[in-house]
Amino acid sequence: MAKFVYDFAEGNKDLKDLLGGKGANLAEMTNLGLPVPAGFTITTEACQRYLAAGTHVDGLDAEIDEHLAALERSMGRRLGDPADPLLVSVRSGAKFSMPGMMETVLNVGLNDESVDGLSRQAGGNDRFAWDSYRRLIQMFGKTVCDVPGSEFEEALHAAKVAKGVKDDVQLDADDLKGLVGAYKKVFAKHTGHDFPQDPRQQLDLAIEAVFRSWNADRAVLYRRQERIPADLGTAVNVVAMVFGNLGPDSGTGVAFTRDPATGESGIYGDYLQNAQGEDVVAGIRNTLPLADLEKIDKKSYDELLAIMATLEGHYHDLCDIEFTIERGKLWMLQTRVGKRTAAAAFTIAAQLVDEGMIDLDEALTRVSGAQLAQLMFPRFDLSGDPTAITRGVGASPGAAYGKVVFSSAEAVAADGPVILVRRETNPDDLPGMIAAQGILTSRGGKTSHAAVVARGMGKTCVCGADEIEVGRDQFTVGGQVVRAGDVISIDGTTGRVYLGEVPVRPSEVVQYFEGDLDPALANEPLVAAVHLLMTHADSRAALKVRTNADTGADAARARRFGAHGIGLCRTEHMFLGDRRELVERLILAPNPAERNDALAALQPLQRADFLDIFREMNGLPVTVRLIDPPLHEFLPSLEELAVQVAVAKARGEENERDERMLSAVRRMHEQNPMLGLRGVRLGLVIPGLFAMQVRAIAEAAVALAAEGGHPKPEIMVPLVGAVQELETVRAEAERIIAEVVGDSGVEVLIGTMIEVPRAALTAGQIAEAAEFFSFGTNDLTQMAWGFSRDDVEGAFFWRYLELGIFGISPFESIDRDGVGRLVRIAAAEGRATRPGLKLGVCGEHGGDPESVHFFHEVGLDYVSCSPFRVPVARLEAGRAAVESTGSDHR
């Protein structure tokens with residue numbers, strides 16, 4: 001029989017799958033002997049069963065009874081005892097951190113009778129007791145019974161207005177007792193019944209609400225954004241309450257063992273006197289810096305610092321810690337490996353290597369390609385000395401500008417970049433936070449909801465800009481009014497806010513890769529960390545990283561970024577611009593002689609293009625794909641040309657060339673050109689087309705060899721579905737290559753793209769005629785799924801993502817089960833025929849971090865991606881090698 005409930009002493013940090021991150025870490029701290037309130041964890045498996053059944057789980061109630069009784073014995077109090085009540089918090093805790101996305105209910109167990117007992121426990125502190133009771137009704141109503149939170153907030157606002165105060169801490173016991181009465185009326189109005197007085201009923205309903213919150217809209221959206229599997233479920237932690245709202249000698253806070261924004265060592269965090277934890281993370285009151293706790297309560301401060309050092313030494317990482325001080329007694333409520341910005345991730349990983357806590361292999365697992373990509377974004381160029389209109393807390397670095405919007409809905413609906421401006425964000429703002437370029441709040445700090453979520457998403461965020469007065473459709477600061485639609489710029493590093501669009505400059509990380517970094521910056525912690533980890537990634541990687549490049553300039557940049565060659569040179573891009581007229585001559589040629597003249601005119605132009613690229617990639621392989629798209633793409637639109645000809649006829653201005661063009665376009669028009677006359681089919685149907693390209697490639701290679709260079713050309717035949725197609729093209733290509741190369745010593749490989757499902761399934765045959773395969777995963781995905789990529793992403797993918805059919809678009813990250821299986825089959829069968837077969841990938845997936853790991857698993861030789869993604873793929877290739885072999889990390 002499954003065990004659904006674990007006391008903290010029964011778990012450990014390695015049981016996150018079962019106990020969730022919060023429960024596993026509470027157990028770990030308990031085992032370390034740290035001051036953790038007593039409690040127990042209900043497992044993720046119980047949540048999964050509850051959600052599957054839609055009702056209670058057999059056997060769970062009995063286990064809760066048993067563990068609740070043990071908790072009552074350890075605390076010497078009973079849940080709901082009118083004289084001496086035990087109160088508990090009920091908190092979510094999934095395997096992966098989902099800050100603010102699921103539910104928490106504090107002070108469970110309070111009712112009309114036990115509120116007096118709680119006051120006596122607190123030495124006659126009536127204010128504290130009634131404050132705790134109103135918080136329970138508010139959280140329970142909103143979380144468990146879907147009572148609109150705004151109505152509780154309105155009642156609280158009315159109480160403060162009636163009292164003539166601005167802050168809830170200025171309300172006395174009688175004010176709060178009246179507020180409880182108002183809250184009860186709100187609760188009854190929306191639920192049709194009174195607030196439940198049975199403490200065990202409160203507990204059971206709160207647990208079920210936490211279970212259900214796993215599938216709340218905001219949690220689903222967050223999981224999709226962060227690629228968290230939907231079937232994990234959440235654990236539920238039931239913890240004896242400790243109170244930070246007992247007076248000035250009590251409080252609550254959040255601490256980081258290093259700065260989550262920069263990675264620098266030091267004392268970072270927020271503290272709030274006379275408050276409960278939700279007050280800090282909600283950002284509804286501006287906090288004190290953690291360092292101020294030393295002046296307020298030095299004993300607790302020193303103990304906290306010692307515990308922080310213990311936890312970082314134990315976890316070997318930045319730790320994010322929640323704590324409460326109850327009348328001078330420090331309690332640890334949570335720890336986890338903290339979310340951090342991309343810059344902090346690299347800096348901390350390198351620091352921990354220097355400090356001997358982790359090795360370089362483990363350091364690679366602490367960073368990601370997605371984070372590296374963030375570091376390559378531009379920064380503000382402040383050389384114009386723009387004047388900031390205000391300054392807040394730089395909570396998540398980056399440079400963001402956009403039109404001001406004041407609601408999540410406005411951000412989602414906006415056309416163009418926007419900055420979401422709020423007093424403070426809450427989980428319901430998640431869609432707008434995703435849509436916005438950046439987030440600006442007037443309240444909160446580095447541990448507020450806005451800050452934590454923004455850091456997790458890599459969004460620029462400035463919090464706690466308390467000079468700003470945020471209204472419904474405008475904010476004011478220093479007498480200046482900024483209205484919805486006005487453009488502002490926010491700097492998530494410095495916290496500065498500027499009116500208008502501030503220009504940007506390249507990041508130091510891009511300058512490092514480009515080789516033009518100011519030497520004075522070479523030893524900056526971030527740049528040094530990137531250098532250290534990229535060097536190690538390259539040393540560990542099994543996959544090489546090539547680039548997709550069609551010009552010498554792109555090839556040169558990719559090589560500076562560390563590319564090991566070109567995996568895809570698209571020759572069709574060379575037929576555009578000024579050469580379109582020659583292509584039209586080729587397509588419209590009425591006889592072989594004119595067609596050959598057009599090909600002869602194109603050949604030297606192609607040869608010069610290839611020579612430029614071969615020079616830039618001297619000594620490295622260059623895979624040139626023969627022309628792939630349908631030729632009609634180089635002609636005018638059928639609809640536009642038909643209208644143009646019709647209008648000309650109506651005016652008596654007939655044009656013979658346009659009419660010939662229209663006739664050709666109609667002749668070549670296809671209902672589905674992606675499945676029509678393109679790729680290898682063009683080479684078989686249009687005499688001389690592929691021959692011209694092959695000759696240009698070979699002549700360019702020979703020319704570079706004559707200059708003393710070392711060209712490594714690879715000719716790739718696209719859209720092959722049968723070995724006979726490749727054999728026919730290969731025979732002609734080999735004849736031309738032999739004629740051109742002679743005794744120059746140049747070697748030219750001939751291979752194919754695997755982008756048609758039949759090619760993947762007959763790869764063993766195709767390998768007889770191919771020296772390499774390159775998987776064109778864009779077309780392979782399109783054809784395997786039966787999707788037209790140009791149409792479906794905007795038409796219905798949003799619905800597939802919403803329904804959970806996709807966790808992510810299969811065009812963005814490789815579909816392992818379907819398209820990935822075709823890749824596995826082709827790789828295995830191809831190498832069974834030709835053991836030395838070179839295997840690569842040149843679709844968009846070549847630069848996707850998750851896909852790079854898959855290609856490593858399959859055993860490909862290289863991935864190819866756009867120049868800007870080359871560093872990302874290099875890093876992920878190293879990480880994939882480390883994760884597949886493992887390391888003791890110590």
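1. Buried means under 20% relative accessible area, exposed over 50% and partly exposed in between, with a 1.4 Å probe and protein chains only. By that rule His316 is buried, its relative accessible area being 16%, and its place is in the loop between α12 (298-315) and β11 (319-326). His316 is not a glycine, yet its phi is positive, about 55°.

2. This is a predicted model, in which local features need pLDDT of at least 70 and side-chain atom pairs count only at pLDDT 80 or more, while totals for chains, interfaces and linings use all residues. Residues are numbered from 1 along each chain as its sequence is written, and side-chain values use heavy atoms, with hydrogens and water left out.

3. Most residues other than glycine have a negative phi. Arg327 has a positive phi of about 50° although it is not a glycine, and it lies in the loop between β11 and β12 (329-337). Arg327 is partly exposed, with a relative accessible area of 40%.

4. Helices (H or I, at least four residues) and strands (E, at least two) are DSSP runs, numbered from the N terminus. The 16 residues of helix α3 (residues 60-75) should span 22 Å at 1.5 Å a residue, and the end C-alpha atoms are 22 Å apart, which agrees; the expected span is 1.5 Å times one less than the number of residues. The buried residues of α3 are Leu60, Glu63, Ile64, His67, Leu68, Leu71 and Glu72. After α3 comes Gly76, whose phi is positive, near 70°.

5. Helix α34 (residues 819-833) and α35 have axes that come within 10 Å and cross at roughly 30°, so that α34 is roughly parallel to α35 (angles under 35 degrees count as roughly parallel, over 145 as roughly antiparallel, 65 to 115 as roughly perpendicular and the rest as oblique). The contact (heavy atoms within 4.5 Å) is made by Gly820, Val823, Arg824 and Ala827 of α34 and Phe854, Glu857 and Val858 of α35. By class, the contact of α34 with α35 has four nonpolar, one polar and two charged residues, where Ala, Val, Leu, Ile, Met, Phe, Trp, Tyr, Cys and Pro count as nonpolar, Asp, Glu, Lys and Arg as charged, and the others, Gly among them, as polar.

6. Helix α35 (residues 849-858) also packs with helix α36 (residues 870-885), at an angle of about 50° and with the axes 9 Å apart, which makes α35 oblique to α36. On the α35 side the contact includes Pro849 and Val852, and on the α36 side Val872 and Ala873 are among the residues. The residues of this contact of α35 with α36 divide into seven nonpolar, three polar and three charged.

How values were computed. Axes are lines fitted to C-alpha atoms, for helices over the stretch in contact, and angles run from 0 to 180 degrees between N-to-C directions.
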